[in-house]
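Good morning, and thank you for joining this group meeting. Please keep the sequence and the model in view while I speak.

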Amino acid sequence: MKNLIALVAMLLCSVFAWIQTTGDCGSNVTWTLNDEGTLTISGEGPMTDYDSSKAPWYSSKENITAVVIEEGVTSVGACALYQCTKITSITIPSTVKTIGEWAFFYCKGLKELHIPSVELWCKMTFDDNVFNNAAANND
């Protein structure tokens, strides 16, 4: 019985160790997902554009509750937060100039979008369907 418990514990540890919590999401851009559910995007330059469920943090999407994009990042990649339904807050810095298509698709929990100024928001380029179905199912 002790051997079975030890085996199960070892398997669970290896499964949790396999879940990626950091990596690259652009040539000079990285991501980190902490234990509190905050996905932080940092570095210099544009994020990678993704197809629907291909962002490297997609397998952890149910754990992401907030997104902080740091100064230096210049774009939010296409489908970056695709179907991340638990996100309630996104912070976008003044260096972001473009938000890719479907970037916030079905982020139905989104309640707060933090940007430095309305002027910045008006100067951003938005690709098609950026906010499609975002917060659409909130009651």
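The chain exposes about 8,000 Å², and carbon and sulfur atoms supply 55% of that area; accessible areas come from the Shrake-Rupley method with a 1.4 Å probe, and for residues only the protein chains shown count as cover. The model is a predicted one, in which local features need pLDDT of at least 70, side-chain atom pairs count only at pLDDT 80 or more, and totals for chains, interfaces and linings use all residues. Residues are numbered from 1 along each chain as its sequence is written, and side-chain values use heavy atoms, with hydrogens and water left out.

Of the 139 residues of the chain, 39% count as buried. Buried here means under 20% relative accessible area, exposed means over 50%, and partly exposed lies in between, with a 1.4 Å probe and protein chains only. Among contacts (heavy atoms within 4.5 Å) between residues at least 6 apart in sequence, 51% join residues at least 24 apart.

I turn to secondary structure. The chain has two helices and nine strands, and from the N terminus on their order is α-β-β-β-β-β-β-β-β-α-β. Helices (H or I, at least four residues) and strands (E, at least two) are DSSP runs, numbered from the N terminus.

How are the strands arranged in sheets? Six strands form an open sheet with mixed pairing, in the order E1-E2-E3-E4-E6-E8. Its edge strands are E1 (22-24) and E8 (112-114), each of which pairs on one side only. The twist averages 10° from one strand to the next; axes are lines fitted to C-alpha atoms, for helices over the stretch in contact, and angles run from 0 to 180 degrees between N-to-C directions. Two strands pair if DSSP finds at least two bridges between them.

Within this sheet, E3 (residues 38-43) and E4 (residues 66-69) pair in the parallel sense over four bridges. Threonine 38 stands opposite alanine 66 in E4, and isoleucine 41 stands opposite isoleucine 69 in E4. E4 also pairs with E6 (residues 89-91), in the parallel sense over three bridges. There, alanine 66 has serine 89 in E6 as its bridge partner.

A further open sheet consists of three strands in the order E5-E7-E9, with parallel pairing. E5 and E9 (125-126) stand at the edges with a single partner strand each, so one side of each is left without a neighbour in the sheet. Two bridges join E5 to E7 (residues 98-99), and serine 75 stands opposite threonine 98 in E7.

Next, the loop between E5 (75-76) and E6, where cysteine 79 is found. Most residues other than glycine have a negative phi. Cysteine 79, however, has a positive phi, near 60°. Glutamine 83 is found in the loop between E5 and E6 as well, and its phi is also positive, at about 60°, although glutamine 83 is not a glycine. Are these residues buried or exposed? Cysteine 79 counts as buried at 7% relative accessibility, whereas glutamine 83 is partly exposed, with a relative accessible area of 24%.

Finally, I come to leucine 120, which is placed in helix H2 (residues 118-123). Leucine 120 counts as buried because its relative accessibility is 10%. Which residues does leucine 120 touch, not counting those up to four places away in sequence? They are Pro93, Ser94, Val96 and Lys97. Lysine 97 is 23 residues from leucine 120 along the chain, and their C-alpha atoms are separated by 8.3 Å.
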